[in-house]
Amino acid sequence: MSMTRREFLSVAGPGLTARGPEAADWRAQGILHLEHSPHARLKNVPVRAVALHEGFWTARRKANFERSIPTLLQLLEEHGVVDNFRRLSGRKNVPRRGPLYTDSDLYKWMEAVAFVLQSGEDPGLRATFERLTDEILAAQEESGYLNTYYVEERRALRFQEMHRGHELYCLGHLLQAAIAYYRATGDTRLLDGGIKFVNYLAENFGPTRRPLLAGHPCLEMALVELYRITRERQHLDLAGYLLEGDGERLKLTRQQSIYLFSGKPFTSRTRLEGHAVRAMYACCGATDYYMETGRSDYAATLERLWQDLARGKVYITGGVGSRAQGEAFGDPYELPNRLAYTESCAAIGNMMWNWRLLAARGEARFADMLERALYNGVNSGMSLSGDLYCYRNPLELSGDPDDRIRNPWYDTTCCPPNLQRILASLPGYFYSTSAEGLWVHLYHGGTLEWRLRGEVRVQIVQRTRYPWEGRIELEMRPERPAEFTLALRVPAWASGARLWVNGEARAAPAGQYAVVRRLWQPRDRVVLDLPLEVRLTAANPMVAENWGKAAVERGPLVYCIEQLDHPDVSIFDLLLDPDAGFQEEFRADMLGGIVMLRHKGRAWRSSPTAEPLYTRWPPPARATRTAEITLIPYYTFHNRGITAMRVWMPPAGA
Ligand SMILES: [Zn+2]
């Protein structure tokens, strides 16, 4: 049974309006719509409720909006990604082009556009989205099936090669784009198309019908999000079925279920393994499923997997997936720097997963992980100019001119539109509400206008130059005096943070939310001061490559050094001096405006590259001299051309 738009609205309407007029309002829905999710402690605020002022992310979002989004659509057209739909509707007579998952790249681009439209009207972008919706729906079959690859001579292969097919992955991204557009405009045309395909799946596949495999997880989280709109139990159940896995009927090998991170019960997982993006997306879907069902076996598995990540499988940049072979997670502590695969999509998956865990649990460790990924391993993925992208985000580069890490286009172009949708949706990650009050997760100048439980409308103006400066000022503007809790995240690195409410000091424990409950009056002032002293960070000695080395961090930013700032010495001969300190200098003219660090370090007098590979133990004592070292934020690497780069450096005397 396919669902027309009218039928869809009639299903969604009464169920939602029964919970209050605003619940039915698409304008009130955030990145995740958790209002009725019984096991979500925190609720998202809509993207449109937060207006970011000038600052760090506004500059990045500007590059996204002005340069990245328009140029990528051109590239998608040039590479035939839209034509792949047009040829099916008979609008163009051209061969199909690109790998089998190109549909998802267009959907992800559309999702980014939809998030832009959640922040404000843009008639041109809206018209483009509508035009693309026409192209897509014209290619959809009467049954609901929609995929540009499994057509014509490949038609017989539908759902026959689900371990590589990406049919459900593409549908997942279609739904995410459609949901984001619904939340931008209230329009359900694309969403209805997506639901038609979902209903086709629900009618033909499942435990008592033909088996189905996620193959590349993504549809699970999209289905739960769809359920949050439609309240159709079968949408949630299909997500549950995919997470449970039907690998025995599908005769998956053990290796396949590891690589795919699907096909066997999610709750049987004991570690992160296999394809990193698949694993992260599966964890997103499982957390979404948990927030609707409250199943304790899901909670236990998610905690186990998060510990596995945090204790041995995440880079200091928040990047994940160290192995190029299979784009996979490595063993615990297998975190090579130069060989780091760390796909942009995997860091994004890490961020999205931690956003869901944060909503489920309300614990600062998840927001810390999210911030680490966002400012570093995600942020590095798009150039400052907005039109070059990293697929890999290594932590060290040799400077080989063939090692072109930033490129305008990839045949597998999953990362560019993924970065776009994160930047476009970013305002939705700053705040949450809960039964207790309001939570602030991230810091940036901006204005929140939203309502708390009890329907008190509140405006909060946040003033700060974070991440360059640590002082954050919040001006509270409730519509009337109102008692609620304000929870401010104090990052784990911010020991010594200080907090004042109207000048009165309050506790601000690092690695937790500082909680202030009071009767808030209009114009109450909160000041949080996060110490941004440069700090040296060591890795667990089990991380072989970083043994004896240190990374330089300041606030949420990881720093690196580039060869082009050190014309007279190889950066691989440079040593940090732990006693020397760092000079901070804001450079508006450099890399879009950064706090650059200067450090009086050391350098080997003669380069070890002149010595034999092996010598008798102990190694010769090595003479050093002073050397000026310049450090820049990691996310800006290779924005001035190809050059050697490193994050982890040995300290002198080590
Ligand atoms: Zn990617």
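This is a predicted model: local features need pLDDT of at least 70, side-chain atom pairs count only at pLDDT 80 or more; totals for chains, interfaces and linings use all residues.
Student: How many bridges join strand S20 to S21, and do they run parallel or antiparallel?

Tutor: Strands here are DSSP runs of E with at least two residues, helices are runs of H or I with at least four residues, and both are numbered from the N terminus. Two strands pair if DSSP finds at least two bridges between them. Here, five bridges join S20 (residues 583–587) to S21, and the two run antiparallel. Residues are numbered from 1 along each chain as its sequence is written.

Student: What lies between S20 and S21?

Tutor: Six residues, and the two strands form a hairpin. In that turn, look for Leu591, which has a positive phi of about 50°.

Student: Which other strands are joined to S21?

Tutor: S19 (residues 574–575) is joined to S21 by two bridges, antiparallel, and Leu575 stands opposite Arg602. Strand S22 (residues 624–633) also runs antiparallel to S21, with eight bridges. Arg602 turns up again there, opposite Thr626 in S22.

Student: How do I read the overall fold?

Tutor: Start with the parts list: 16 helices and 23 strands. The radius of gyration, taken over C-alpha atoms, is judged against the globule rule, 2.2 Å times the number of residues to the power 0.38. The chain comes out at 25 Å, close to the 26 Å that the rule gives for 654 residues, so it is as compact as a globular protein of that length. Along the principal axes, its C-alpha atoms fill a box of roughly 80 × 65 × 45 Å.

Student: What are the domains?

Tutor: The bounds come from an automatic or database domain assignment. That gives domain 1 (5–429), domain 2 (432–529) and domain 3 (544–646). The C-alpha centres of domain 1 and domain 3 lie 36 Å apart. Two residues are in contact if their C-beta atoms, placed from the backbone, lie within 7 Å.

Student: Which residues touch the most other members of the largest nonpolar core?

Tutor: In soluble globular proteins, nonpolar side chains tend to be buried together. A nonpolar core is a set of buried Ala, Val, Leu, Ile, Met, Phe, Trp, Tyr and Cys residues joined through C-beta atoms within 7 Å. The largest one has 211 residues, and Val113, Ala114, Leu223 and Met280 touch the most other members. Helix H6 (residues 167–185) brings the largest share of this core, 13 residues. Leaving aside neighbours within four places in sequence, Val113 is in contact with Ile69, Leu125, Thr128 and Phe129.

Technical notes: A residue is buried if 20 or more other C-beta atoms lie within 10 Å of its own, exposed if 12 or fewer, and partly exposed in between; C-beta atoms are placed from the backbone.
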